[in-house]
Structures are given as structure tokens and as C-alpha cells.
Amino acid sequence: MGSAAVLVANRGEIAVRVLRAASEAGLRSVAVYVGGDDGHARLADEAVPLGDYLDADALLAAARSTGCDFLHPGYGFLSEDADFARRCAGAGITFVGPTPEVLAIFGDKARAREFAAEAGVPVLAGAHGPDGARELLAAGPVMIKAVGGGGGRGMRVVRRAEELDKAWERCRSEAQQGFGRGELYAERLLEGARHIEVQVVGDATGAVTHLWDRDCSAQLRHQKVIEIAPAPELPENTREQVLDAALRMARAARCSNLVTFEFMLRGEEFWFIEANPRLQVEHTVTEEVTGVDLVAVQLRLAAGATLAEVGLSGPPAPPRGFAVQARVNAVEAGRITRFDLPSGPGVRVDTAIRAGAEVGVRYDPLLAKVIAHVPAGDAEAACARARRALGEFAVEGVRTGVPLLRDVLARPRFWDHTGVVAELAQAHVAPEDAKSLDGTVVAPLSGTVLSVDVCPGEPVRAGQQLLVLEAMKMEHVVRAPGSGVVRLLHARVGETVGEGAPLAGLDDVTGAHGDGPAAEPVAPDAVRADLAEAVHRHSFGLDEHRPEAVAKRHALGRRTARENIDDLCDAGTFTEFGALAIAAQRRRRSLDDLIRSTPADGMVTGTGRVNGQPCVAMSYDYTVLAGTQGLQNHRKTDRMLEIAEERRLPVVLFAEGGGGRPGDTDTTSVAGLDVTTFQRMGRLSGLVPLVGIVSGRCFAGNAALLGCCDVVIATPDATIGMGGPAMIEGGGLGVYRPEEVGPLSVQVPNGVVDVAVSDEAEAVRVARRCLSYFQGPQGSWAAPDQRLLRQVVPENRRRAYDVRAAVTGLADTDSVLELRPEFGVGVLTCLVRIEGRPLGLLASNPAHLGGAIDRDAADKAARFLELCDAFGLPVVSLCDTPGFMVGPDAERTATVRHFARLFVTGAKLRVPLVSLVLRKAYGLGAMAMMGGSTRAPLATAAWPSGEFGGMGLEGAVGLGHRKELEAIADPAERARVFEERVAELYERGKAVNAAAALEIDAVIDPAGSRAWILAALGPA
């Protein structure tokens, strides 16, 4: 890199780390420092004083005045600021980090979440602004987070609505001071989870690679304290998925330089939470297990090198053992009088501190990072080495967190979840719990008084906010330990106080130690005014308060939305979401009118249990604005689909309704094409089971959501169409009644409807039954007499028969649910159980075209296999087919493409497949029924009636013996010879001969089919 120079725009240990790397790279180095905070500057060739590390103008001026070609931001401060990176480029200075475009995506955590979702990576539910956070809070605790920065600053957990406003303001203030921007967002709090991150490296060409993962679950107050690389006890399949998700996002964003992708992981599920497009505090552990100097790589990539040129092309080498980093923080301000560092094999210490240094409250309290590496040991060995090294660490003058770190490292599997360290730290004084001594409130930690919220003589109650302290860019609320009167104040805004310093005096303190007056008795059944108001608002959507609407519904022979959901969900388990929503029409209707006339904005949504397992239930309410899709209605739908994705819950949708609603006025939207409902619904396909139910009219957007469902159930009065009568007429396509658009007489034969039922009650029963196949085995079952299977296939090989007798004979009694029976009738697709175990069953139908597979049958079979594969249902295939339909008429239906889809789908099956040949197994059609080959299934068997051939026997004789047959003049003799040749082929292709040639695995007694299927599949 020649005589180039780099300005290190940071402080402390990370500045030292970068300055050393710059020196080794042959770069002239320039440090910046603020006030007396210059412990790092001694390693630089030149040092420039600043007023603030966040002063972009001063940093650029320092870089220009010292002739720097590069600027390394370290971490924190301006390291993720896209505007600052652009300004560097404009000044002709290379920013050592990702491009401004990448920083704009990942330096903004809210935008990063959106980017991840677009890339198909799961994210936790989130919301913007206090109002959105309040809605999110209705479903459980949330985490408020700063859009920029990190390190635990600008973060608060909120569990109750009354805490939200103050927590939001504290986070905003912290973020503004720490990172120069105060934007926030809220995210669902995921408790009991691990924090896993992936280190990614990219170059300017768009090439990316990973350097494995780290576990950062050991956290205290949302700040990491111990990190491990690689993440211990991470299942390999989960590790592969997390690494793949990180690389997918990195490629999509064309990440350059270093980017770390962070995830929360619980069980085998994971969610992206943020990305850090910069060097991480914990980069050291990755360096130890990979042997890669990440800072040196950063500098070379910034100078234009490629991954290949820095030695990072190709798959990364496996990690070398385990490395652990422990962050040694000061827990109070003061002067360090002794600072002896540990040493020895496998021990590294990164620090900028020396004896005599002053530790204040303005900056991060990190004194040093102690890193232990065991090249050939396990995580426990690395933790033991780190604990021993911490025991050798001698610091005097200020207290540190070393005792807690050693306690954590001694605890087995402390990486189980992010709450473990907090459990061990309970003996420590929490910053927001003020101490009281003889009526005096004292500071729980060293800090600067940011605000005083009470006055002398003011009465306060226990828990009331007295003042706010700022320490290490974090704000800590000091609350009254009991009720009393403020006697005097020792604290002044802007004053720095030490731990234990008196802040305020309280007279007549009660409640702090239980010595106050007895509390008034609580009346459990008392209803406060605020609760009464909420109950009243909810009442407008209840059926009992809408008798006229309910009566009209019943007069049509239909049920209300709430009646259907109550029937669907197990008794008492439905929890409604968004019940208080109203139509977005306040500009043209009164609030009172909207509350009374548009309850829940025409859609009842929530979660409940179906067959004892959780489910999302949604029903458009046709009694409210004809079940149309409005602004709030879409927001509710999106919310439920987000919950379904996050919690992996099946969805049942009652889809009756007229599509988009043109009457909503409370929006700035022009066309509404930015609605995300349809994308969210589509994204759930293959992820969770989707069941749609329709009774009555279902048009446009409602029909689009219905069409995304895996199983569609419809009543006789259903009419389904992508456009209703008004849209058809508006398009100049004629005038039609709703019933003429898409009745069941159309939608059942064409395959749109999977199951036709008599009424809504039966529709709900079928929906519950359908979901049960995706909810695991059932304990009790009964089976038909298996001996009857021996008579299902006629002895006359040319006689048709009803294959449903084989299906119902094989399956548990009353366990068969056939899908799309009137579409693609050459193949049956059924959900079944055998000994309580749910399975998918595919069967040829010899009663239609002799079992030949036409276009519709191929599509139906392929879609069914995809359904089974998505949700883990093993497949049983019953084959009796002479092959695919052929001929000019068949080719006009694009059979080549449709039939090939069946081969592609079968080849990609991840679930077990077993195949049973009942009679004919001819040619490509039979191969497709068996996943592509007799070798594709786990096991392939036949009943004794089975027969095999490369094509139909009669056709094979006609082609193979044409000349011989044409030479026979006598028609009777020709027919005799033809039948004789067919008999020869039949004898050769009998199941027993195919088994003897090992083309199939067995020929079995039909009565033993169930046992054979279960043995082939193995344990559930």
C-alpha cells in the first residue's frame, strides 16, 4: 500500500487494534482524540485533537490536513453512517468499510429487516413509531431498538403499555447521543433464545464468503459480555441454514468489506435481527479460529483487492478449535492504579489502558478484551482457559466485571439463551434500582445527571421517576424506593456523581421496607372506567349486539364470521386481534357511525387452537361492508400472516367477500399497489398449511387469497372469481349476475375447489379434519378387514374397478379425505392415516381412461406431491396405469410440459415415498407414479396382479410384431397370434418375474399391505 496514510476515527482498544494493523501494512497512521482520552494515540505516527468523535466535519478536516488516503471508522460512532461514507468519497478519502449503498441498507436496522424479509429470510414482527409499537405490544413484550448503532445503547424491553412512552424517549435520547441519530423501531421480544451471528467478507466485485459463526448469547442489559467462535452445540443443519441466509443477504446487497449478520435462534428456528456493516467488537474470536487478520483484510479490500487476492476465495476452511472473548468493563469511574494483564499460551489481550488512566462516564466502559483460544479443544476448554486468564487479571483503582465474567464462564452451557448472565448478575445492583439509606436516595452507579424530575417539597409515590443519570451513553432512571415527600435535592443537571453519592432526601418514607399503612382492600370484580370503556367498544362487534345483521345472515342459511370461528377453534381458545379496528373513512363518516357500523373493519382475526394445536383464524365479515378489503382490514391480515410466519402456525381463512374497497378515505395511497397482504400470503405457501373456506360470493382480492391456500373448501352457494360482476362490466366484458361468474359447477371440475361440502358447518368440520393430517399421529385408530383387499383387483386383467376400494381398505377406518375428486380424475389424491400416522396417498384410477394420466391428472398429482413434501407427509403411491395420454388431442394441452412437471416434482421429494403396484405399471406413466423409477421409492412392491412393461402390452405387440401379423392373411388366425404374443409379454412382465429380476423389491399379499407400508417407512 506504499506510502499511503490512514486516519483512525475511533478511540480505545479498537483504535489500538487498527493502528497496529496499519503499521504492519506499511501505512502511515493518524489518530484522533478528545480531551484527555488519548491512551490510544501513542501508537500513531500523528495525532489530531477533536471536540467530539461524532464530528464528521472535524474528522474529514483532520484526514485532509494530514494527507490521509483512508479513514477507518472502527465500530460505533460513525462506522455505519452512509452519509459520512459518501462524504469521505466526495473528499477523495477511501472509507474502510462497505459502500455507502450497503451502509444505507444495513446501517439502518429497520431497513435491514425489510431487506431480509424480501430476501426470504425470517424476521421477528416489528413496527415503526410509538403507535406501531403499541399495537405490537398488544401481542406481547417488545424490544425498542435504535435504527443506527449498537452495543446495547438505545434499547429497552417494554412489557406494559404504560412503560412505552418513557422507554421510547430514553432510547431516543441514548441513540441521539451515542450515534447522532434518534430514530427507533420496535421488535417482538424473543425470550429464551440464543444470539448467533455470521461473519461475512465481500469484495467490490460482489463476491462474498463467510468466516463461520459466533455465539453472543452471554449478554447483560442487551450488551454482549462473552463471545464464542464457532457457536457451540449448534446443529449442523441449522448452522448451514443460518450461514446460507447470511450469504443470501450479502449477495443480494453486494456486500463489500466486513458485514456481520445477527440472528436469534430458538430450537431449530432462527430470525434475522440486524446486520452490522463494520468491524465487530468480537472480531477477535473469528481471527483466532480462522487465522485471518480481519483488520488487515479490511484495509486491503478498501485498497481494491479481491477475495482471491486476500486468500479468501473458495469454501472457508473449518474452524481451528474454539475461541472465547470476555469483555472486561469498569463498573465505576476512577483512576486505575494497577493494570496487570494475563498472558500465556492461547491468551490474547486487546486494550488501550495503562496504569494511571482515568476511567470516566462519557465513553464505553470497556477496559480490555481477554481472548482465549484452544486450537484442538472444545468450547468448555476455551472457557476454562479464559476463566484462568481472568483470574490473573489485576486491576486496582476501579471495580470491574471480572468476578461476574468468571462466574459465567464457570457455568456449563451459559450460551443456552440471552438471559443466563442476567440470572447470575442478580446479586449485583441494577442501575434502575435506587438505594435508600435513612431516607436518602443515593446513586446506583457513577454518571452525569441528565434530568431532575421532582422538586423539594413535592410528594412522590413508590416507583416514581426522580431523575435520570447518564453513564457510558446509557440512560438510567432513578426511582423513589418508597412514598414520601422530597426533602432536598443534592443532584444538579450536568453534575457528575459517583456511585453511592446522595441524590435526594425523602421524609416520611413508606412502602420502601413494608412499614407504610396497610393497603386498601382490592375488589377483584370492580370494573374501572377505563375497563368499562374498552368492554363497551368491543361489544359493537359481538353478534349479540348486532341482531339485525345476524338475522339477515341466518335468513340466507349462513353463519356469521364469529360463529364459524367459534366452531373452528376449540372451546374458549380463540384470542381476537384487532377487534377495535374500524374502517378508514373518518373523513366522510363520524367516529360513532364507524364504531357502530364497521366493527373490526369487516374482518375477525386472531389465534386459537384447532384439535388442541395453535392456529391462525381469519374470517371476512360479509355483514360489514360486504367483507371487502379495506386499509385497516389489510393491516390486520398482514399482522396475522406475520404471526403465522413467525410462529409457524397454520392459517384457516374464511374468504367470503367482494375484494378491494374503494370507499376508504383515511390514506395518502394512490392505487394501493404497495399493499403487502398478497405477498405475505404467498410467502406462507409451503411454510405452513393454508386452508381456505368460501360460502357465498368471493371475488378479486378475497379470491386471490383463497387461491393461495393449499386446500379450498366450498359450499354449494359459493361463487368464486378473480373479478366480480362490477369489474367484468367495467371491463366491457358483459353483464352477469354474481352466481354466473364462478359457481361450483365450474370451480369443482376445473380444480379450484378441493372439497365441496353441503354447508358451512360441514366446511368447518372438513377444515378441522384437514388440519389434523398436519398435526401429527393420532393415538387411537381402527382398520378394515385387510383380507378384503385380495378381491379389489378383478382376476380379469381388462376389467375396470373402483380404486377407492383399495384406498379405503388400506387406510384407517374413516380416515380418507379425498382432494379435488372431480378434477384430473385419472388420479386420486387423498390424505389418509395408517395406524394413526398421517400420509399422502396417490392412486391411479383405472375407471377413467384405463388409468392413463392426462394433463389435469399430472398437474393434480404434482401439486399434491408438493403439498406432502412441504409439510412432511410420507407418500404412498398406488399404481395402475397404462401410461400417459398420447395423441394429437393430448398434445394440444401441452402434455410434454405438464407431464414433465410430475417427474421434476417426484425427483425433488424430500419425504419418504413407497410405491405399490396394484395392476398395470407401464412405461413413463408408471415411472412418474413412482417418483421417476422403481428405484426412487424407499420400497417398491406389487400385488400378485401386478404387470410390468415398457408400454402397454397390446401396443408393444402391435409395434414389435407388425410385420409378422401383417403377413397373416386370416383375421381369426391373426387375432389368435396377437393374443398369444400379448400373453407371452404378460407372462414375462408378471409381478413375480419383475421381482425376480430385482426391478421391484417384493410381491406381497394384499392383506399385508399396511404392515409392508409401515415397515418401509420406518418410525414416524
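Me: Why does Phe884 count as buried?
Reply: Its relative accessibility is 16%, and buried means under 20% relative accessible area (over 50% is exposed, in between is partly exposed; 1.4 Å probe, protein chains only). Phe884 therefore counts as buried. The model is predicted: local features need pLDDT of at least 70, side-chain atom pairs pLDDT 80 or more, while totals for chains, interfaces and linings use all residues. Residues are numbered from 1 along each chain as its sequence is written, and side-chain values use heavy atoms, without hydrogens and water.

Me: Why does Phe899 count as buried?
Reply: With 7% relative accessibility, Phe899 falls under the cut-off and so counts as buried.

Me: How many aromatic pairs does a search of the whole structure find?
Reply: The search finds 12 (Phe, Tyr and Trp rings, the six-membered one for Trp, with centres within 6.5 Å; planes under 30 degrees apart are stacked, over 60 edge-to-face, the rest tilted).

Me: What makes the pair of Phe339 and Phe393 edge-to-face?
Reply: The centres are 5.4 Å apart, and the planes stand at 75 degrees, so the pair is edge-to-face. Phe339 lies in strand 17 (residues 338-340) and Phe393 in the loop between helix 11 (379-391) and strand 21 (394-396), 54 residues apart. Helices (H or I, at least four residues) and strands (E, at least two) are DSSP runs numbered from the N terminus. Phe339 and Phe393 are both buried.

Me: Why is the pair of Phe884 and Phe899 called stacked?
Reply: The angle between their planes is 10 degrees, with 4.1 Å from centre to centre. Phe884 is in the loop between strand 43 (875-881) and helix 27 (888-891), and Phe899 is in helix 28 (residues 895-907), so the pair ties together parts 15 residues apart in sequence.

Me: Which residues do ring pairs link into a cluster?
Reply: The cluster consists of Tyr53, Phe77 and Tyr363.

Me: How do you know that Arg833 lies over the face of Tyr773?
Reply: Arg833 is 4.4 Å from the ring centre. A charge sits over a ring if NZ of Lys or CZ of Arg is within 6 Å of the centre and within 35 degrees of the ring normal.

Me: Why is Leu531 called partly exposed?
Reply: Its relative accessible area is 43%, so Leu531 is partly exposed. Leu531 is found in helix 14 (residues 529-539).

Me: Which residues does Arg559 touch, not counting those up to four places away in sequence?
Reply: They are Arg553, Asn564, Asp567, Glu760, Ala761 and Val764 (contact means heavy atoms within 4.5 Å).
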